[in-house]
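Work through the two exercises below with the sequence and the model side by side. Try each task before reading its solution.

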Amino acid sequence: MQSSEAPVSMEVEAVPSEPSSASASLPPKPIFEPLKAHEMSDGRVQFRKVSVPPHRYSPLKKVWMDIYTPVYEQMKIDIRMNLKGRKVELKTRADTPDVSNLQKCSDFVQAFMLGFDVIDAIALLRMDELYVESFEIKDVKTLRGEHLSRAIGRLSGKGGKTKFAIENATKTRIVIADTKIHILGSFANIKVARDSLCSLILGSPAGKVYSKLRAVTARLAERF
C-alpha cells in the first residue's frame, strides 16, 4: 500500500562560518631586540685566561699592540696582560656585540702563543670555519734519538721548503715546535695537511708526498 504523504525534504541549517578576519584581530607578535653579550649571562661578566709560555713572553711584548687593537676596538673585548700570573686576561664589556667574540679572541691569543704569526692568527677573528689542530710526532710513530731528528728534518725540508710547499698547497699554516705540530686552517684543509705530515713522519720521501698532495688538492679544487 502506497503512502499518500508527500516526501519530506530534509533541510540542513547552514552554520554561519566564523569571520576569516579573526586571525587579523589577534595582537601583533612582539619584536624583541637581540640580547647583548652581558645580558645573555644575566649581566655577569665572562672571562677567559690564556697562559703565556716563557719562550713567547718577549715576542708578545713586541707585537702587543697588534694583538690589543683588533681585540679591543673591533671585537669589543677588554684585554690585559697579568704580569704577576703571566696570563693574558680577556673579558666581555657592556657593548660587546656577540657573546662568541670572547671565545674567538681567546682562540686568537692562544694561536699566537702556539707560535703562529699575528697576521695568520688574526684570521680566526674574521672567519668562523678556521681551527687549530695540534698533535705530536710520537702520536704517529714512536721515534727516538737521531730517527726523531731526521723526521723533524723531513717535515721542514731544506730551508723550510717542504713545510712551505704543504702550507701553500693546502692553504694552511703549520708550526713545528720541537716534537709538537700545530696546523691552522679549515677542517678539510687541515686533514690534507695532516695526512701529508704523517706520511713524512712515517718515512715517505718528499717527492712522493708532493705528487700525492698535488692530486688531492686538485680534487679539492674541483669539489669547491
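This is a predicted model: local features need pLDDT of at least 70, side-chain atom pairs count only at pLDDT 80 or more; totals for chains, interfaces and linings use all residues.

**Exercise 1.** Find which residues of helix α9 (residues 161-170) are buried, and work out why they lie on the same side of α9.

Solution. 
1. Apply the cut-off: a residue is buried when its relative accessible area is under 20% and exposed when it is over 50%.
2. In α9, the residues that count as buried are T162, K163, I166, E167 and T170.
3. These residues cover an arc of only 135° around the axis, so they sit on the same side of α9.
4. Turn to the face directed away from that buried side: K161 and N168 are exposed there.
5. Look for the packing partners. The buried residues of α9 pack against α8 (146-156), β5 (173-177), α10 (187-201) and α11 (206-223).
6. Continue past the end of the helix: just after α9, K171 has a positive phi of about 55°.

**Exercise 2.** Identify the buried residues of helix α3 (residues 64-74), and state what covers them.

Solution. 
1. With the cut-off of under 20%, the buried residues of α3 are W64, I67, P70 and V71.
2. Their arc around the axis is only 160°, which places them on the same side of α3.
3. M65 and Q74, on the other side of α3, are exposed.
4. The cover over the buried residues includes the helices α2 (57-62), α4 (100-114), α5 (118-121) and α6 (123-126). Strands β2 (77-82) and β3 (87-92) are also included.
5. Just after α3, K76 takes a positive phi of about 60°.

Technical notes. Residues are numbered from 1 along each chain as its sequence is written. Side-chain values use heavy atoms; hydrogens and water are left out. Buried means under 20% relative accessible area, exposed over 50%, partly exposed in between (1.4 Å probe, protein chains only). Helices (H or I, at least four residues) and strands (E, at least two) are DSSP runs, numbered from the N terminus. The arc is that of the directions from the helix axis to the C-beta atoms. Contact means heavy atoms within 4.5 Å.
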